[in-house]
Amino acid sequence: MDNSLQLYTTTLEKSFSLLVSKYCKLQLKDHTEASINEGTNLIKDGSKLVHTLKKHIQSLETLLCDCEDFIDEVYDDISHPQPEEDFVYSTAYGMLSYKGRDHIERKKQITIPRPIVKSTKEENKRVLLHEIDYQFKTYTVDNLTNIKPMFGYYNNPSDKINPPGLYCCIVPSVYIKVPFPELIDSTREYSRVRSIRCKYRDKNICDEQRFKMARYHNSNLRTCNFAHRGEQIIKIGYQSRCSSIPRFGDPATLLRDVKNVNLEEIKNVIMYGLNDIISSAVWFDYNNISNVTYPDIDIV
Ligand SMILES: [Zn+2]
């Protein structure tokens, strides 16, 4: 069941990203009748996707109601008390019954968690982060040792989408595989190759755009050093983050570097990193994004 849900969401994500990439291409085009038509078709395709999704949500909601009604009926049929009637009688929903039979106590209404918005565990409530005056969804503890470790190793051979590895959960139901990108020392390397995501994302679209600009300005073709789809981002290690070893974190030298960085510098590195993480977590929370997994955030 979980696996088919994963397949379903992946298919949806694919359909949506196809629309987005078509839109990215459209943005680069001139404003003509053809491009307006193309845009109109994109809007139609987008609306179709939204329409399909709404229909699916409706079916799920109907199914949910049916399930809840069904459980109610079963409860009514076999719960206490039964009305005083003939020796054998029919219950409200048609089950044959008799006085003195065994029955179950009807307890409080069973509630089935809504399938659409899931994984919002009750323990996660909104807590005011006074530093930014924002109600952030998280859990509360009165003992520091109840704070869960930040990373967990995930390994499920039947999961064909999320590879095994170290993951973290930055807001409820948002899981990210911890990346280990190559780090370069900002004081030694100036090329900045692949350190920024190219705004055109796709290499072909980027090439097309640069050809267009070169032709337009009658200038030489510029090389784009940014990272394109499928390429791994390179992180730049600045002195402001770790002054003794700016490349600290580079997987190739990390085990050597941990011996040479002191606690003060580590505090600084953590300060940078945690601030980046909480800012992103607030972004996810504010934009209400949940039930997602990112297995390769270092790949464009
Ligand atoms: Zn580019």
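Q: Where is the place of Ser173?
A: Ser173 sits in the loop between strand 6 (165-171) and strand 7 (174-177). Residues are numbered from 1 along each chain as its sequence is written. The model is predicted: local features need pLDDT of at least 70 and side-chain atom pairs count only at pLDDT 80 or more, while totals for chains, interfaces and linings use all residues.

Q: What counts as a strand here?
A: Strands (E, at least two residues) and helices (H or I, at least four residues) are DSSP runs, numbered from the N terminus.

Q: And what about phi of Ser173?
A: Ser173 has a positive phi of about 70°, although it is not a glycine. Most residues other than glycine have a negative phi.

Q: Is Ser173 buried, exposed or partly exposed, and why?
A: Ser173 counts as partly exposed because it has 17 C-beta neighbours inside 10 Å. The cut-offs are 20 or more other C-beta atoms within 10 Å for buried, 12 or fewer for exposed, and partly exposed in between, with C-beta atoms placed from the backbone.

Q: What do strand 6 and strand 7 form?
A: Strand 6 and strand 7 form a hairpin with two residues between them, and Ser173 is in the turn. The two strands run antiparallel and are joined by four bridges. Cys168 has Ile176 in strand 7 as its bridge partner. Strands count as paired if DSSP finds at least two bridges between them.

Q: Which sheet order does that belong to?
A: The order is 5-6-7-10, an open sheet of four strands with mixed pairing. Strand 5 (151-154) and strand 10 (292-294) are at the edges with a single partner strand each, so one side of each has no neighbour in the sheet. On average, neighbouring strands of this sheet are turned by 30° against each other, direction ignored.

Q: In which sense do strand 7 and strand 10 pair?
A: They pair in the parallel sense, over three bridges. Tyr175 stands opposite Thr293 in strand 10. Strand 5 and strand 6 run antiparallel, joined by four bridges, and Tyr153 stands opposite Leu166 in strand 6.

Q: Which helix lies across strand 6 and strand 7?
A: Helix 5 does, running at about 60° to strand 6. Angles run from 0 to 180 degrees between N-to-C directions, and axes are lines fitted to C-alpha atoms, for helices over the stretch in contact. Contact between two residues is set at C-beta atoms, placed from the backbone, within 7 Å.

Q: How many residues of helix 5 are buried?
A: One of its 24 residues is buried, so helix 5 lies largely in the open.

Q: What should helix 5 span?
A: At 1.5 Å a residue, helix 5 (residues 263-286) should span 34 Å, and its end C-alpha atoms are 34 Å apart, which agrees. The expected span is 1.5 Å times one less than the number of residues. Just after helix 5, Asn288 takes a positive phi of about 60°.

Q: What about strand 3 and strand 4?
A: Strand 3 (residues 125-129) and strand 4 (residues 134-138) run antiparallel, joined by five bridges. Their hairpin has four residues between the strands, and Asp133 in this hairpin takes a positive phi near 55°.

Q: And what does the secondary structure of the protein chain come to?
A: The protein chain has five helices and ten strands. Buried residues make up 6% of its 300 residues.
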